[in-house]
Amino acid sequence: MNYVFQFNVVWDHLPELLEGALLTIQLSATAMALGLVVAVVCAYGKSAGPRPVRWLVAVYVELIRNTPFLVQIFIFYFSLPVIGLRLTANTAALVAMTVNLGAYASEIVRAGIEAIPHGQVEAARALGLKRLQIFRFIIIFPAVKTVYPALTSQFILLMLSSSVVSTISAVELTAITNSLASTTFRSFEFYFVATGLYLAMALGFRAGLSAIYWAVFQRSRAA
Amino acid sequence: MPLLALRRITKRFGAHQALEEVSLAVEPGEVVAIIGRSGSGKSTLLRCINGLEWPDSGTIEFDGRTFEPTPRRLKALRREIGIVFQSYNLFPHLCVERNITLGPTAAKGMKLAAARELARKVLRMVDLEDKIAAYPQQLSGGQQQRVAIARALAMEPRLVLFDEITAALDPELIGEVVRVLDRLARDGMTMVLVTHEMGFARRSADTIVFMHQGRVWEKGPPAKLFGAPVTAELASFIDAILSVDPSEKRHVG
Amino acid sequence: MGRSFGTGEFLFLLRAIPSTLLLSLGALTGGAIVGLFVAILRIVPSRPLRWLATGYIELLQGTPVLMQLFVTYYGLAVLFKIQVDAWPAVLLAFSLYSGAFLGEIWRGSIEAIPRAQWEAAACLSLSFLKQLWYVILPQAGRISIPPTVGFAVQLIKNTSIAAIIGFVELTRAGQLMTNTTFKPMIVYPIVAALYFILCWPLSLLAQTLERRIDATLGIKTHY
C-alpha cells in the first residue's frame with residue numbers, strides 16, 4: 001500500500017469542519033423544534049379530528065414514510081420553483097427536514113396520545129375542562145413524556161440524515177467536507193474525521209435531549 | 001450410598017438468606033416431597049440440584065461425584081437429572097413428538113427412529129399417546145404438563161425434579177397430573193418434588209422435608225410428620241393447609 | 001429547450017428500478033449474515049465480544065449513511081489502490097449498514113424469548129449453541145419478521161443515497177432525466193410515486209404481520 005495517510009491536512013482545516021458541524025446542529029435543532037410542532041398538530045388531528053383531517057394526515061404520513069428523503073429534498077428545491085415557489089438551498093433543506101420529521105414524529109406522538117388512559121380524559125371533561133385545555137394539560141404532556149425515547153431516536157436520525165442536504169448545496173458539515181476533500185485530494189481522511197464529528201454530535205444530541213427531559217419532565221410539577 | 005447428597009447448602013440473594021446449612025440425602029428409588037410456605041427456600045434448593053442456581057457454600061454430590069459448575073459437567077449432569085417446571089416450558093414451535101425427541105437426538109445422539117419409539121413409550125406412560133402430533137397451544141394445561149413430564153422421562157434420567165408442577169393448573173386438571181406422579185413413584189423412579197399436593201405427599205412420598213425460612217425444620221416419613229409434628233411451625237403449616245382443604249382432615253392425624 | 005418527458009424517459013426511470021431492488025436485496029443478504037453474527041455476539045457470555053458488537057452497532061447507527069458510503073468508497077480505493085467500481089463499494093457499505101440494524105432487531109427478538117425457554121433447553125443438556133439453534137432462533141425468527149420487513153422498506157429508500165456518488169439507481173435516473181428534460185416538476189414526483197409503489201405494499205405487509213404475530217404470541221407465551 002503506497003498511500004500515506006495525512007491527517008495533519010485535516011487538522012489544519014478543523015475550524016472549518018467545526019463551523020460545518022455548528023451549522024448542522026443549528027439546522028437540525030430548528031427542524032426538530034418545528035417538526036415537533038407539526039407532529040403534535042398532526043397527532044391531534046389524526047386522533048381527535050374530523051374524518052377529512054384524519055384522512056389528510058394519514059396521506060401525508062404515508063407519502064413521507066414511503067418515499068426517500070433525498071427525493072423529497074429534490075422536490076422542495078427543484079420542483080417547487082416551477083410553480084413559482086423558489087426556496088434557497090438552506091430553506092429548502094429546513095422545510096424538507098421539518099416535513100420529514102413531522103410525519104415520523106406524528107406517528108410516535110400519536111402512539112403516546114393513545115396510551116393515555118381514557119379515564120383521565122373523562123375525568124377532566126367531568127371537571128368542566130375545555131377540549132384544548134384537556135389536550136394541553138392531560139394529554140400532550142404525559143404523551144410526549146412516554147414516547148420521549150422514541151422521539152429522541154427519531155431526532156438523532158434526522159440530524160444524521162441532514163448530511164444528504166449537501167446535494168442541493170445547502171451549507172452544513174457534509175457540504176463543507178466535500179469541498180475540502182475535493183480541493184486537498186485527501187478524501188478518505190476528511191470523510192473519516194467528518195464521520196467522527198457526526199458521531200460526536202449524535203452523542204451530544206442524546207445527552208442534550210436527556211437534559212431537556214430532566215428539565216421539563218422530572219422537576220416536580222403541579223400537573 | 002445415596003444417589004444425591006446435599007451437604008450444608010447455603011445461598012443468599014442480596015440481603016435475603018434463601019438457604020442456610022441445608023442437608024439432604026436421596027436414596028435410589030426414594031420419593032422426597034419438600035413442603036413449606038412460599039419463601040421458605042424450597043424452589044431454590046431444588047434448582048441447586050441441577051445447577052440452575054449455584055450455592056454460595058456447601059457441596060452437592062451426585063452418584064458419589066461432586067458438582068463443579070463447568071458447562072461440560074452441567075451438561076453431563078443434566079442427562080441424568082431431569083426437571084419438570086411449574087409453567088411446563090414446552091417449546092411452542094415444535095409438536096409434542098419433537099418436544100420429546102429433541103433432547104435424546106440433539107443432546108444424546110440417539111437416532112431419530114429410536115427416539116420416536118421412545119416418545120411413544122413415554123407418552124403412553126402419561127396417557128397422551130394420541131396427542132403425539134399436536135402442538136402445545138392445542139393442549140390443556142394438564143396435558144401440557146404431562147407432556148413436560150414425558151419430555152423429562154425421555155432423557156431416561158436417574159432422578160427427576162418437580163418444581164410445584166401443579167401450582168399453575170386449574171383444579172380440575174390437577175388430578176390427571178397427580179395420577180402420573182403416583183404411577184412414577186410406584187414404578188420406582190427417584191423423585192424430588194416441591195409440592196403443595198399433600199394428598200400425593202402422604203400417599204406416595206417416602207420422606208417429607210418441611211422447610212421454613214431457608215432451613216430444614218423437620219424431616220421424616222409422612223405418617224410421622226403429618227401425624228405428630230414436633231415443631232410449632234410445622235403444626236401451624238398443617239393447620240393452614242387443612243383450613244384450605246378440609247378433605248385433608250380425613251387423612252391427617 | 002430540453003427533451004419533452006415522454007414514454008422513453010419514463011422507461012429510463014423504470015429500467016433503473018431493478019438496480020434499486022438488486023442493491024436492496026444484496027445489502028439485505030449481506031446484512032443478514034453480518035446481522036446474525038452481530039446479534040449472537042451481543043448475547044454471548046464474553047464481555048469483550050459483546051462490547052465489540054455494541055460498538056459496531058453504535059458506530060453504524062450514529063453516523064450518516066452518506067458518510068459511511070464515502071468512507072467505504074474512498075477507503076476501498078485507498079486500500080486497494082484502484083478506482084473501485086461503484087457496485088462493490090455501495091454493496092459493502094449498505095451491507096455493513098444493514099448488518100448493524102438487523103443485528104439490533106434480531107437481538108431484540110432473541111431477548112424477547114422468555115428465559116424459561118433457555119432453561120428448559122439447557123436442562124435437556126443441550127449446549128448453548130444447540131439451545132440457540134433448536135429452540136431460541138426458530139422462535140426469535142418468527143418474531144423478527146415484521147421489523148425486518150419494516151427495515152427492508154427503510155433500506156429501499158436509503159439506496160437513493162447511492163445516487164450521490166453516481167451509482168445509477170432510481171433517484172440517479174431521476175436526476176439524469178431532469179438534466180435532459182428540464183422538467184423537475186414532472187420527473188421527481190414520478191420518481192417519488194415509483195418509490196411509493198415499491199415501499200407502501202411492504203409497509204402494509206409489515207403492519208399486517210405485526211398484528212398477526214402479536215395475536216399468536218399471546219397464545220404462545222400464555223402457559
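A nonpolar core here is a set of buried Ala, Val, Leu, Ile, Met, Phe, Trp, Tyr and Cys residues joined through C-beta atoms within 7 Å, and buried takes 20 or more other C-beta atoms within 10 Å of the residue's own, with C-beta atoms placed from the backbone. This is a predicted model, where local features need pLDDT of at least 70, side-chain atom pairs count only at pLDDT 80 or more, and totals for chains, interfaces and linings use all residues. Residues are numbered from 1 along each chain as its sequence is written, while chains are lettered from A and ligands numbered from 1 in the order written.

**Core**
- The largest nonpolar core has 201 residues, and A:I73, A:A93, A:V109, B:I34, B:A150 and B:V192 touch the most other members.
- Leaving out residues up to four places away in sequence, B:A150 touches B:I100, B:V122, B:L123, B:M125, B:V126 and B:L128; a contact means C-beta atoms, placed from the backbone, within 7 Å.

**Who touches whom**
- Chains A and B have no contact, and their closest C-alpha atoms are 30 Å apart.
- Chain C puts 17 residues in contact with 20 of chain B.
- On that side of chain C, α6(C) gives the most, 5 residues.
- That side of chain C splits into 10 nonpolar, 4 polar and 3 charged residues, with Ala, Val, Leu, Ile, Met, Phe, Trp, Tyr, Cys and Pro as nonpolar, Asp, Glu, Lys and Arg as charged, and the others, Gly among them, as polar.

**Confidence**
- The complex gets an ipTM of 0.88 and a pTM of 0.81 from the predictor.
- Chain C has a mean pLDDT of 89 (the predictor's confidence in each residue, from 0 to 100).

Methods: Contact = placed C-beta atoms within 7 Å. Buried ≥ 20, exposed ≤ 12 C-beta atoms within 10 Å, placed from the backbone. Helix = DSSP H or I, 4+ residues; strand = E, 2+ residues; numbered from the N terminus.
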